[in-house]
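Here is a short report on one protein structure. Take a look at the model before reading on.

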Amino acid sequence: MSDPLPNIPLVTPLNAEQLKSARVPEGWNFGQADRVRFHELDALNHVNNIVYLRWFEDIRIPYFHAHAITSYDSDNDPQVVLATNFARYFKPMFLSETYVIAARAASFRNSSFVLEYGIFVDGELRCGGETVVVTLEHDGKTKRPLSAQVIAALTADGASKAE
């Protein structure tokens, strides 16, 4: 079997040119490629539903780093928690398929934002999802407003202020 994305590195954030060559639709500016592994399959021989949520996390963490949301190693960073996390499945995925998981910010409020996910195989959306992310102070209760730097990064990614 030939590699459908021979010039795309796996598990590495992709630039705009690489996303385009992988046929990820416009509007998705952050993503990384990977390949379906045997341990990700279920008894029906396709990707298990829970794996998609793990893939969302696999892109969410580098997205947070790239957009200065948290470094996960600073006492000054907010606590970042998920208020919701869901997936919508469009078509099954199988062993050795190469895919791109992409993430983008859709909207933000004072201390939260919506992150959307798309999993694409040759430009086809196989699974989509959404997470509401809330930023908190270290007490785990008090909401922490998004910084001006984070708001600028989310806006540059296409997000708008939610009413």
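## Helix H3

This is a predicted model. Helix H3 spans residues 148–156. Which of its residues are buried? They are Val150, Ala153 and Leu154. These three sit on the same side of H3, because they cover an arc of only 95° around the axis. An α-helix has 3.6 residues a turn, so residues three or four places apart point the same way.

The other side of H3 carries Ala148 and Ala156, which are exposed. The buried residues pack against three elements: helix H2 (49–66), strand S3 (98–108) and strand S4 (112–121). After H3 comes Gly158. Its phi is positive, near 110°.

## The largest nonpolar core

The largest nonpolar core holds 30 residues. Which members touch the most others? Trp55, Tyr63, Met93, Phe113, Ile119 and Leu154 do. Leu154 is also one of the buried residues of H3. Two or more core residues come from each of H2, S3, S4, strand S5 (124–136) and H3. H2 gives the largest share, with 7 residues.

Trp55 shows what such contacts look like. Leaving out residues up to four places away in sequence, Trp55 touches Val36, Glu40, Val47, Met93, Tyr99, Ile101 and Ile119. Of these, Met93 and Ile119 are also among the core members that touch the most others.

## A second core

A separate core has 11 residues. Among them are Leu19, Val24, Trp28 and Phe120. In soluble globular proteins, nonpolar side chains tend to be buried together.

Notes: Residues numbered from 1 in each chain as written. Predicted model: local features only at pLDDT ≥ 70, side-chain atom pairs only at ≥ 80, totals over all residues. Heavy atoms only, no water. Buried < 20%, exposed > 50% of the residue type's maximum accessible area, 1.4 Å probe, protein only. Helix = DSSP H or I, 4+ residues; strand = E, 2+ residues; numbered from the N terminus. Arc of directions from axis to C-beta. Contact = heavy atoms within 4.5 Å. Core = buried A, V, L, I, M, F, W, Y, C linked by side-chain atoms within 4.5 Å.
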